[in-house]
Amino acid sequence: MRYVKHLVFALVVFGAWEAGGRFGNPDVLPPFSAVVAAFVDILFGPLPAALFESLRLLVIGFSTALALGVFLGLVVGRYRWLDRTLSPYFSGLYALPTVALVPLVLIWFGFDLSGRVVVVFLASFFPILINVYQGARDTPPDLLEVARSFGVRHEWGLVRRVVIPAAVPFILAGVRLGIGRGVVGMAIAEVYLRLSGLGTLIATYGSSFQTAYLIAAILPLPFLGIVLTKLLALLERRFQVWST
């Protein structure tokens, strides 16, 4: 029944889109069928190479943000003096739009891959950091006392046996938010820093007013977000056993 509702909703939305495109201005809103035809055209043309280039950028930037965000989040969450010193800066930087930092990234790191990786890193890093920090800070003190009573005295032992398992839901929530913002950062980096990957297709079709092709080039971005979110949801269910 749930899938029937989804199907009916999709038929209504795409039917309205098709009708609006046919009876309106196709340069502003092309018919849905024209977008599908354009998507098939680029799927067997420039899209695979562009998508591979974008994914390479996303993997490098996001994996760097994940490693550093988890590490710093655990450290800051475990040491109160670091928490008091660094948390205000992290909160301020988290609220800063990534696009506002693009000119600085351009000056400091240039147009090359390193500059684009920094943009993806900045977009993904703070959601991961804030969530891991919150999970480490909220570790139940009772669990820590029980671990100490069983002979776990070293800080790394407490982190590995208690803090990380207790923080798994926060970590996975941070990863899910980070990957979504990473996709946005990837698009910003490819359009504003240097035309590459999907950004090349979006800018090329946008500048030539090929609206159907422009929408077709944008479509992989939400699809990418949906696929990655679903994969993370599967991973989250797998780790729920560990966190209990």
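This is a predicted model: local features need pLDDT of at least 70, side-chain atom pairs count only at pLDDT 80 or more; totals for chains, interfaces and linings use all residues.
Residues are numbered from 1 along each chain as its sequence is written. Local features need pLDDT of at least 70, side-chain atom pairs count only at pLDDT 80 or more, totals for chains, interfaces and linings use all residues, and side-chain values use heavy atoms, without hydrogens and water.

Select residues 80–94, which form helix α4 (helices are DSSP runs of H or I, at least four residues, numbered from the N terminus). Go to L86, where α4 bends by about 45° (the angle between axes fitted to the seven residues ending there and the seven starting there). A proline, P88, follows within four residues.

Next pick L82, D83, S87 and F90, the buried residues of α4 (under 20% relative accessible area, 1.4 Å probe, protein chains only). They pack against α3 (47–78) and α6 (113–137).

Now show L58, L74, M186 and L201. Within the largest nonpolar core, of 47 residues, these touch the most other members (a core is a set of buried Ala, Val, Leu, Ile, Met, Phe, Trp, Tyr and Cys residues joined through side-chain atoms within 4.5 Å). Helix α8 (residues 155–193) gives the most to this core, with 14 residues. Another core, of eight residues, lies apart from it and includes V76, F121, L129 and Y133.

Finally, select L93, Y94, L96, T98, L101, L122, F126 and R181, which line the largest cavity (on a 1 Å grid over the protein atoms alone, a set of points where a 1.4 Å probe fits but cannot get out; lining residues have an atom within 4 Å of a point). Helices α4, α5 (98–109) and α6 each give two or more residues to this lining.

Key:
The expected span of a helix is 1.5 Å times one less than its number of residues. Buried means under 20% relative accessible area, exposed over 50%, partly exposed in between (1.4 Å probe, protein chains only). Contact means heavy atoms within 4.5 Å. On a 1 Å grid over the protein atoms alone, a cavity is a set of points where a 1.4 Å probe fits but cannot get out, and a pocket is an open set with protein on both sides within 12 Å along at least five of seven lines; lining residues have an atom within 4 Å of a point.
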